[in-house]
Amino acid sequence: MKSILIYSILLFAALQASAQAKREIFFADVTIYVEGSKYYLTGSKGGGGGPQGFAFLESKDLKTWAVPAKSNDSLGMILTKGDHTFGTKGFWAPQIVKDKGTYYITYTADEQTVLAESKSLLGPYRQKEVGPIDGSEKNIDSYIFKDTDGTYYLYCVRFNKGNYLHVAEFDMKSGKIKPETLKRCFDQTEPWEATPNYKSAPIMEGPTVIKLKNKYYLFYSANHFQNIDYAIGYAVADSPYGPWEKYKNNPIVHRSIVGENGSGHGDLFEGVDKQLYYVYHIHNSSDKVSPRRTRIVPVVKQWDEKAGVYTFSVKGNEVIVPVMAEQ
């Protein structure tokens, strides 16, 4: 009788785990935008099928998500290929920015960074003139940062026998960078940025930038995304252009900390509860990379009086597994 009871409990637990796994969210290169009391999640869509572009999911608690109730589209699409937008394939790594009553989405398509806009958070996001931000070279993983003096900067990845982070001053009105300000952020210098589990050219990508007490913090991912050691670290500078000093205890998100492979490429955001979080993706399983799964982890921010900077770490035992609401 006891063995039957134990078996029943284990079976029930297994079924519950299976049901949750099916409801998990399969967005990679993820970002979360916070407005009012709600969270809006978007990213590179996994699993194939459906229109190409970006879709929103909405949540009040970061745990349970659904297509926004006020969405204009049953799939929650906010930007769609061919609808006054640049790109034919490879819709990756979106970020939402609001400026003077207009919402903007910057994203990657056809290995070019793009800017589209909407008067509504829920879209549709479109371009007045269809084209990339800077078509002079391939560039991906755009992140728009507004400094305290009102100046905008575009952080992105450019290719040169590897993926390297760059920054340039950005004109929101024209949607273009100022080419003369373009600068590479830093090189691959640390062991954690190039582990032997997956050989590749140097890769640093997925930037997020914040400013605290006149210091700039650049969060980024390193290693190839197929590497189980794909991970997140950060660097600090006195200027949006650097020079950048990498945190000595990088990485701050890694499989050894959060317990799942391929933990990287996301975004930092402040929750409704004023808690900092980092949203990111992981590998599908221990032996399969895609479709990648979405995760959220609380971030601990501490002031280092001696160094005069904030340090960041995550609560690896409090990872949130976001799921779709039951129908």
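Visitor: Which residue in β17 is the bridge partner of S221?

Guide: In this predicted model, S221 is bridged to I232 of β17. A further position along these strands places Y216 opposite A237 in β17.

Visitor: How do you know that β16 and β17 are paired, and in which direction do they run?

Guide: Two strands pair if there are at least two bridges between them.

Visitor: What joins β15 to β16?

Guide: Strand β15 (residues 204-212) is also joined to β16 by 7 bridges, and these two run antiparallel. M204, for example, has A222 in β16 as its bridge partner. The hairpin of β15 and β16 has 2 residues between the strands, and K213 takes a positive phi near 45° there.

Visitor: What makes β15 and β18 the edges of the sheet?

Guide: The open sheet contains 4 strands, in the order β15-β16-β17-β18, with antiparallel pairing. β15 and β18 (245-246) each have a single partner strand, so one side of each has no neighbour in the sheet.

Visitor: Why is strand β16 described as largely enclosed?

Guide: A residue counts as buried when its relative accessible area is under 20%. In β16 (residues 215-222), 7 of the 8 residues are buried, so the strand is largely enclosed by the rest of the structure.

Visitor: Which residues touch the most other members of the largest nonpolar core?

Guide: This core has 23 residues, and those with the most contacts to other members are Y155, L165, C185, F186 and W244. Two or more residues come from each of β10, β11 (152-159), β12 (163-171), β15, β16 and β17. The greatest contribution, 4 residues, is that of β16. A second, separate core has 21 residues, including V236, Y247, V299 and F312. In soluble globular proteins, nonpolar side chains tend to be buried together.

Visitor: What does W244 touch?

Guide: Leaving aside residues up to four places away in sequence, the contacts of W244 include Y155, C185, F186, Y216, Y217 and L218. A235, V236, A237 and S239 are also among them.

Visitor: What lines the largest pocket?

Guide: The lining consists of 29 residues, of which Y143, V209, I210, L268 and F269 lie nearest the centre of the pocket. By class, the lining has 17 nonpolar, 4 polar and 8 charged residues. At least two lining residues come from each of β1 (27-35), β7 (92-99), β10 (139-146), β15, β19 (264-270) and β21 (293-304). The volume of this pocket is about 780 Å³.

Notes
Residues are numbered from 1 along each chain as its sequence is written. This is a predicted model: local features need pLDDT of at least 70, side-chain atom pairs count only at pLDDT 80 or more; totals for chains, interfaces and linings use all residues. Side-chain values use heavy atoms; hydrogens and water are left out. Buried means under 20% relative accessible area, exposed over 50%, partly exposed in between (1.4 Å probe, protein chains only). On a 1 Å grid over the protein atoms alone, a cavity is a set of points where a 1.4 Å probe fits but cannot get out, and a pocket is an open set with protein on both sides within 12 Å along at least five of seven lines; lining residues have an atom within 4 Å of a point. Grid points are joined across faces, edges and corners, and a volume is the space filled by probe spheres set on the points. Ala, Val, Leu, Ile, Met, Phe, Trp, Tyr, Cys and Pro count as nonpolar, Asp, Glu, Lys and Arg as charged, and the others, Gly among them, as polar. A nonpolar core is a set of buried Ala, Val, Leu, Ile, Met, Phe, Trp, Tyr and Cys residues joined through side-chain atoms within 4.5 Å. Contact means heavy atoms within 4.5 Å.
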